Amino acid sequence: MDQDMVLRARVLLLSANRRVVRGTEGLWIYRLLTQVEPEAYGSKLAYVLVEASDSPLVRELPEQRLALLDEAVAVASALGASNPYRAKVLARALAAKRRELKGRPAT
């Protein structure tokens, strides 16, 4: 893991002055920091992934929306059972994935 990138992500996170950094910047920050400290950043990554799946940037890209939701479910599932946010972010990711799959035409 490139420690300079980790430091940069932490600086961006601190300078954002928000509880959760959203958008592509948040995805980059939380994807990187979750590799270093999964229990600390995994729930925020799952949250931002679900949010990103509803972004106008992927509105017409169902495969990308589903990939984001699959990643969110995987990240939330990997959180430890003692993580206080695990149940909430996992339920949110699973619900979003169900809605996405329900809205797709049958193949």
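A residue counts as buried when its relative accessible area is under 20%. In this predicted model, S43 has a relative accessible area of 7%, so S43 is buried. S43 sits in helix 3. Leaving aside residues up to four places away in sequence, S43 touches L79, Y85 and V89.

Helix 3 covers residues 38-53. Its buried residues are Y41, G42, S43, L45, A46, V48, L49, V50, A52 and S53. What covers them includes helix 1 (3-16), helix 2 (23-36), helix 4 and helix 5. The length of helix 3 fits expectation: at 1.5 Å a residue, its 16 residues should span 22 Å, and the end C-alpha atoms are 21 Å apart.

L79 lies in the loop between helix 4 and helix 5. Its relative accessibility is 4%, so L79 counts as buried. L79 and S43 are 36 residues apart in sequence. In space, their C-alpha atoms are 7.6 Å apart.

Not counting residues up to four places away in sequence, L79 touches P38, E39, G42, S43, R86 and V89. V89 is also among the residues that S43 touches.

Helix 4 runs over residues 62-78. At 1.5 Å a residue, its 17 residues should span 24 Å. The end C-alpha atoms are 24 Å apart, which agrees.

The buried residues of helix 4 are R65, L66, L68, L69, A72, V73, V75 and A76. They pack against helix 2, helix 3 and helix 5. A74 also belongs to helix 4. At 47% relative accessibility, A74 counts as partly exposed.

## Helix 3 against helix 4

Two packed helices are described by the angle between their axes and the distance between the axes. For helix 3 and helix 4, the angle is about 160° and the axes are 8 Å apart. Angles over 145 degrees count as roughly antiparallel, and helix 3 and helix 4 are therefore roughly antiparallel to each other. Their crossing is left-handed.

On the helix 3 side, the contact uses E39, G42, L45, A46, L49, V50, A52 and S53. These meet R65, L68, L69, E71, A72, V75, A76 and A78 of helix 4. By class, this contact has eleven nonpolar, two polar and three charged residues.

## Helix 4 against helix 5

Helix 5 covers residues 86-102. Helix 4 and helix 5 pack at an angle of about 155°, with axes 9 Å apart. That angle makes helix 4 roughly antiparallel to helix 5. The crossing is left-handed.

Helix 4 contributes P62, R65, L66, L69, D70, A72, V73, A76 and S77 to the contact. Helix 5 contributes R86, V89, L90, A93, L94, A96, K97, E100 and L101. The classes here are twelve nonpolar, one polar and five charged.

## Helix 3 against helix 5

Helix 3 and helix 5 pack at an angle of about 20°, and their axes are 9 Å apart. That makes helix 3 roughly parallel to helix 5. This crossing is left-handed.

S43, A46, Y47, V50 and E51 of helix 3 meet V89, R92, A93 and A96 of helix 5. The contact divides into six nonpolar residues, one polar and two charged.

## N17, an exposed loop residue

N17 lies in the loop between helix 1 and helix 2. Its relative accessibility is 71%, so N17 counts as exposed.

Most residues other than glycine have a negative phi. In N17, phi is near 55°, a positive value in a residue other than glycine.

Note on methods:
Residues numbered from 1 in each chain as written. Predicted model: local features only at pLDDT ≥ 70, side-chain atom pairs only at ≥ 80, totals over all residues. Heavy atoms only, no water. Axes fitted to C-alpha atoms, helices over the stretch in contact; angles between N-to-C directions. Helix = DSSP H or I, 4+ residues; strand = E, 2+ residues; numbered from the N terminus. Parallel < 35°, antiparallel > 145°, perpendicular 65-115°, else oblique. Left-handed = near helix turned anticlockwise from the far one by under 90°. Contact = heavy atoms within 4.5 Å. Nonpolar A, V, L, I, M, F, W, Y, C, P; charged D, E, K, R; others polar. Expected span 1.5 Å × (residues − 1). Buried < 20%, exposed > 50% of the residue type's maximum accessible area, 1.4 Å probe, protein only.
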